[in-house]
Amino acid sequence: NFEARSLSIQFPSPGNLRVRISKSGGGWIFESPIQTRADKAAVEITIKKLDALKVRAFVDDPAIDDTASGLANPDLRITLEGNARRETLLLGRPVPGSLPVRYAKLEDRAQLFTIEIDPTFVQMLVKAQTELRDRKVLEFDGSRLTSIDIRAPGWPDLTLQKLETGAWQVVSRSADAGAQPPLPQPADTQIVSRLVESLDALRASGEDAFVSDAPSADDLENWGFNRPEREITLNFAAAGAGTPAPASITLQLAVANEREGRLYARVGGSSSVLLVPSETLGRI
């Protein structure tokens, strides 16, 4: 399993959709059909389950050819690539009367065989684009945080600033303060810590957690992003030399309809729209 460098899953024609996930540093990323983070634990568990599959029986009946077994246009084409080799498993139809058992063969070999594979695992592979995706909304190093800007309709802009001592202060910029510069006030360190922890732990939720990866301008307006309920910008100190890291990350939270009870999230630099727990607003 440690040798695996990429996992690819291709679905049958006419769509021929292909999901490809590759190792990147200590984690995994989707390369297609979109570029985004993959769930490291889920990917590695999937690879272990694929590696554990065993032949149940070899099929030598000439009446069961690639057409009869469904391998002429397999339900799934699963490829694992290692350091200097690759193997592709073709997954065909269920054997009649034995749903967990399916016809299969390796792409570069003629021998047909059957394997016992959990239908829920097959469904997970079919939904790999979402099932293996990292649901964590924000990826950041909390030790590099220097300030947090929070904006909300009808409220003064708020900035939380981290001092060299490790303490925090809060600056509120009210529109009716005129030219008077805002005065910083001490912030409650425990409350700020809980806020940072909430943002770090924020995850997309629900079966339809990944709403859209290519929303139109009308979609964004319909979901409330023309006037988001919260806009939180995390600002960071410079990372070490040779370490790519953003100077800031902005999270937008929007509500399309209060009665609907759905809270949409969007991270600056990404076109993806996610669903997050509705209680997130209260925490911020």
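User: In this predicted model, which residues is Leu-251 in contact with, leaving aside its neighbours within four places in sequence?

Analyst: The model is a predicted one. Contact here requires heavy atoms within 4.5 Å. With neighbours within four places in sequence left aside, the contacts of Leu-251 are Val-137, Leu-138, Leu-199, Leu-202, Arg-230, Glu-231, Ile-232, Ala-265, Arg-266 and Val-267.

User: Which residues touch the most other members of the largest nonpolar core?

Analyst: The largest nonpolar core has 29 residues. Those that touch the most other members are Leu-138, Phe-140, Ile-148, Leu-234 and Leu-251.

User: Which element gives the largest share of this core?

Analyst: At least two residues of the core come from each of β10, α5, β15, β16, β17 (263–267) and β18 (273–276). The largest share is 4 residues, and its source is α5.

User: How many residues does the second, separate core have?

Analyst: Among the members of this second core are Ala-38, Leu-89, Met-124 and Ala-128. The core is separate, and its size is 26 residues.

User: Which residue is the bridge partner of Ile-148 in β11?

Analyst: Strand β10 (residues 145–151) pairs with strand β11 (residues 157–162) in the antiparallel sense, over 4 bridges. In β11, the bridge partner of Ile-148 is Leu-160.

User: Which residue takes a positive phi in the hairpin of β11 and β12?

Analyst: β11 and β12 are antiparallel and pair over 6 bridges, with Thr-159 opposite Val-171 in β12. Their hairpin has 5 residues between the strands. The positive phi, near 95 degrees, belongs to Gly-166.

User: Which residue of β13 is the bridge partner of Gln-169?

Analyst: β12 and β13 run antiparallel and are joined by 2 bridges. In β13, the partner of Gln-169 is Pro-186.

User: Is the pair of Phe-140 and Phe-236 stacked or tilted?

Analyst: The structure holds 2 aromatic pairs. In one of them, the ring centres of Phe-140 and Phe-236 are 6.2 Å apart. Their planes stand at 40 degrees, whereas stacked rings have planes under 30 degrees apart, so the pair is tilted.

User: Where do Phe-140 and Phe-236 lie in the chain, and are they buried or exposed?

Analyst: Phe-140 lies in the loop between α4 and β10 and Phe-236 in strand β15, 96 residues apart, and the pair thus links distant parts of the chain. Both residues are buried.

User: Is the pair of Trp-223 and Tyr-264 stacked or tilted?

Analyst: Trp-223 lies in the loop between α6 (217–222) and β15, and Tyr-264 in strand β17, so the pair ties together parts that are 41 residues apart in sequence. Both residues are buried. Their ring centres are 5.6 Å apart and their planes stand at 20 degrees, so the pair is stacked.

User: Why do the buried residues of helix α3 lie on the same side of α3?

Analyst: The buried residues of helix α3 (residues 119–126) are Phe-121, Val-122, Met-124 and Leu-125. What covers them includes β1 (6–10), α1 (40–51), β6 (76–81), β7 (86–95), β8 (98–106) and α4 (128–131). They are on the same side of α3 because, around the axis, they cover an arc of only 160 degrees.

User: Is Ile-64 buried or partly exposed?

Analyst: Ile-64 lies in the loop between β5 (55–59) and α2 (66–69). Residues up to four places away in sequence not counted, Ile-64 touches Val-59, Ser-69, Tyr-103 and Leu-112. Buried means under 20% relative accessible area; the value for Ile-64 is 24%, so the residue is partly exposed.

Terms used. Residues numbered from 1 in each chain as written. Predicted model: local features only at pLDDT ≥ 70, side-chain atom pairs only at ≥ 80, totals over all residues. Heavy atoms only, no water. Buried < 20%, exposed > 50% of the residue type's maximum accessible area, 1.4 Å probe, protein only. Arc of directions from axis to C-beta. Pairing = 2+ DSSP bridges. Core = buried A, V, L, I, M, F, W, Y, C linked by side-chain atoms within 4.5 Å. Phe/Tyr/Trp six-rings, centres within 6.5 Å; stacked < 30°, edge-to-face > 60°.
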